Amino acid sequence: MNRKQRRAQETLLRKDDNEELSAKVAMFGKLPEECTACETVYDKNDKEMATTWNVVVREEDKDNPVRLYCPSCWSTAQEVITNFLKTMEEEDGS
Ligand SMILES: [Zn+2]
C-alpha cells in the first residue's frame with residue numbers, strides 16, 4: 001500500500017470530519033446535490049452548509065456511495081442510533 005492509498009483509507013475511517021469532505025468526494029466522484037433523506041438542496045458554495053452537513057461514504061454501494069445529510073436529518077439519525085443502542089443495553093441488563 002502506498003502513501004496515497006493509506007491516506008485515502010484514513011480519510012474513509014474518519015467519517016465525521018468535514019474537512020475531509022472534499023477528499024472523499026474527489027475519490028468517489030460526485031457529492032449529492034441534496035440531502036439524501038429529506039431532499040433539502042445543498043449549496044456547496046455555502047460555508048455554513050459545508051461545515052454543518054455530513055457526508056457518509058458507503059463503498060459497498062457502487063451505485064450511490066456518497067450520501068449527504070443535512071443537520072436535522074443527521075441529528076435524527078444520531079438519535080435513532082442512540083435509542084437503538086440504549087434499547088440494546090436495557091434488554092441486555094434485564
Ligand atoms: Zn435532510
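1. Confidence. The structure is a predicted model. The mean pLDDT of the protein is 82, and 77% of the residues reach 70 or more. By element, confidence is lowest in α2, with a mean of 67, and highest in α3, with a mean of 92.

2. Zinc donors. The zinc ion has as its protein donors the SG atoms of Cys35, Cys38, Cys70 and Cys73. These donors lie 2.3 Å from the ion.

3. Geometry of the site. Which arrangement do the four donor atoms form around the zinc ion? The angles they subtend run from 106 to 116 degrees, which makes the arrangement tetrahedral. The cut-off used here requires that all angles lie between 85 and 135 degrees.

4. Cys38 is found in the loop between α2 (21–28) and α3 (47–52), while Cys70 is found in the loop between β2 (66–69) and α4 (71–93). The pair therefore ties together parts that are 32 residues apart in sequence. The C-alpha atoms of Cys70 and Cys38 are separated by 8.1 Å.

5. Exposure of the two cysteines. Cys70, with a relative accessible area of 5%, is buried. The limit for a buried residue is under 20% relative accessible area.

6. Backbone at Glu39. Most residues other than glycine have a negative phi. Glu39 has a phi near 70 degrees, a positive value in a residue other than glycine. Glu39 lies in the loop between α2 and α3, the loop that also holds Cys38. At 55% relative accessibility, Glu39 counts as exposed, since the class requires over 50%.

7. Largest pocket. How much space lies in the largest pocket? The volume is about 180 Å³. Eleven residues line this pocket, and those nearest its centre are Lys30, Leu31, Pro32, Asn64 and Val66. By class, the lining comprises five nonpolar, two polar and four charged residues.

Conventions:
Residues are numbered from 1 along each chain as its sequence is written. This is a predicted model: local features need pLDDT of at least 70, side-chain atom pairs count only at pLDDT 80 or more; totals for chains, interfaces and linings use all residues. Side-chain values use heavy atoms; hydrogens and water are left out. On a 1 Å grid over the protein atoms alone, a cavity is a set of points where a 1.4 Å probe fits but cannot get out, and a pocket is an open set with protein on both sides within 12 Å along at least five of seven lines; lining residues have an atom within 4 Å of a point. Grid points are joined across faces, edges and corners, and a volume is the space filled by probe spheres set on the points. Ala, Val, Leu, Ile, Met, Phe, Trp, Tyr, Cys and Pro count as nonpolar, Asp, Glu, Lys and Arg as charged, and the others, Gly among them, as polar. Donors are N, O and S atoms within 2.8 Å of the metal (3.2 Å for Na, K and Ca); water is not among the atoms, so sites may look incomplete. Four donors count as tetrahedral if all angles lie between 85 and 135 degrees; four count as square planar and six as octahedral if opposite donors are over 155 degrees apart and all others between 65 and 115; anything else is irregular. Helices (H or I, at least four residues) and strands (E, at least two) are DSSP runs, numbered from the N terminus. Buried means under 20% relative accessible area, exposed over 50%, partly exposed in between (1.4 Å probe, protein chains only). pLDDT is the predictor's confidence in each residue, from 0 to 100.
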